[in-house]
Amino acid sequence: MKYVLVIGDGMADVALDELDGKTPIESLNLPHFDILAGGMFGTAQTVPFGVAPGSDTAILNIFGYDPRKYYTGRSVLEAAGVGVILKPGEVSFRVNLCNVENGIIHSHNGGNVEGDDAQGLMEYLVSQPEFIDAARKVGLKIHISRTFRHIGVINAPDDFVFKMTEPHNVLEQPVAGYMPKGDYAQEMTDIMNISYKLLDHHPINEARRNRGQMAANMIWPWGPGRAMQLPSFKEKYGHAGDAVSAVPLVWGIANLAGLQAPSVEGANGDIDTNYAGKLKAALNSLRAGNDFAAIHVEAPDEMSHAGNLKNKLIAIKCIDEQIIAPLLEKMPEVDKDFRILLLSDHPTLMTTRTHDGHAVPFAIYDSRKPGNPVKFDEKNAEKGVYLNNGDLLMPALFEMM
Ligand SMILES: [Zn+2]
């Protein structure tokens, strides 16, 4: 028996005027989704009541780790996604490269700095004696990426409290009022100010300005979190395998749960992600002997945040045609007995362009008793079974309830 979990991030939505009162899923012809809905079909409260809806909290819960018990912060999961597993006594946080001019923050991502610019600026910064001295005072280490997002880790006693501001929430405001507060406030503020001094006139930033781009001239720590310990997925359920995704958050959950997270070339979290490559990675894992594989597709969520309904519809259709259809076709070659769970981790609403905490539609298909196709959408799902917490989904998939 093989088990496959497919998460279409943020697919679920509400009825929209532009779609004549239908939801995006409802408005589409998704015949392979409908085949899955011929099995167990209903809604699941993936985000527990009172918890902030996000991919972090929802996907943790889907994998069986109730965020009310386990969640310590998104940065911790993202750190784990790039192999940085926190030890007790360590705190991780996100480090953004921002744009600040004359004391005002204009961009939380340094004009979306990436590639050689992002890496070059950060490598220069962490090599400078003045920065090294300031970082040493708090035991700060920075894990550099080729995007505006980096990860910082510091040593901090368990009773330390950090208060850091989310930079995207204070755009076009003076930074002076939003510097770190709580423990290490002065040390962290010094680090930010030193980064500005060292980066503002760096040749990479001068070149960016000459090209009409924003300078990425200050680092900004936010989203602190402590070590998160998850019980082994294998020990919980007796099944194990790979989680295929393009986003560090999902890799991190997989790493902490003891699952593998293979990287797939061309899997980028965008609408033109490598759907075939992701499917192939999951099938290869199952062929190699694993009995569980997860495929996470970020695109519907990104398109919802961007407010692009046309592309959200395309992204959902791609999951039906390029993930579920070939999965149904190829799984019998891998194992004649298989079960597939399809769901949206949380709704992402076109109306607000943000996440929502309502229950999501889910379907569990069983090759031994496929049933007759049912239209997979939010309204039909409400007529089916209701799981009052998302941590029941894995037991449902694995027939443990
Ligand atoms: Zn999500």
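Helices (H or I, at least four residues) and strands (E, at least two) are DSSP runs, numbered from the N terminus.

## About the model

This is a predicted model, where local features need pLDDT of at least 70, side-chain atom pairs count only at pLDDT 80 or more, and totals for chains, interfaces and linings use all residues. Residue numbers start from 1 along each chain as its sequence is written.

## Partners of strand 6

Two strands pair if DSSP finds at least two bridges between them. Strand 6 pairs with strand 3 (residues 90-101) in the antiparallel sense over seven bridges; here Val-91 has Ile-154 as its bridge partner.

Strand 6 also pairs with strand 5 (residues 141-143), again antiparallel, over three bridges. Lys-141 stands opposite Val-153, and a hairpin of five residues joins strand 5 to strand 6.

## Helix 7 meets helix 8

Now for the helices. The axes of helix 7 (residues 129-136) and helix 8 (residues 185-199) come within 10 Å and cross at roughly 170°. Helix 7 and helix 8 are therefore roughly antiparallel to each other (an angle over 145 degrees).

Helix 7 brings Glu-130, Phe-131, Ala-134 and Ala-135 to the contact, and helix 8 brings Asp-190, Ile-191, Ile-194, Ser-195 and Leu-198 (contact: backbone-placed C-beta atoms within 7 Å).

Technical notes. Axes are lines fitted to C-alpha atoms, for helices over the stretch in contact, and angles run from 0 to 180 degrees between N-to-C directions. Angles under 35 degrees count as roughly parallel, over 145 as roughly antiparallel, 65 to 115 as roughly perpendicular and the rest as oblique. Two residues are in contact if their C-beta atoms, placed from the backbone, lie within 7 Å.
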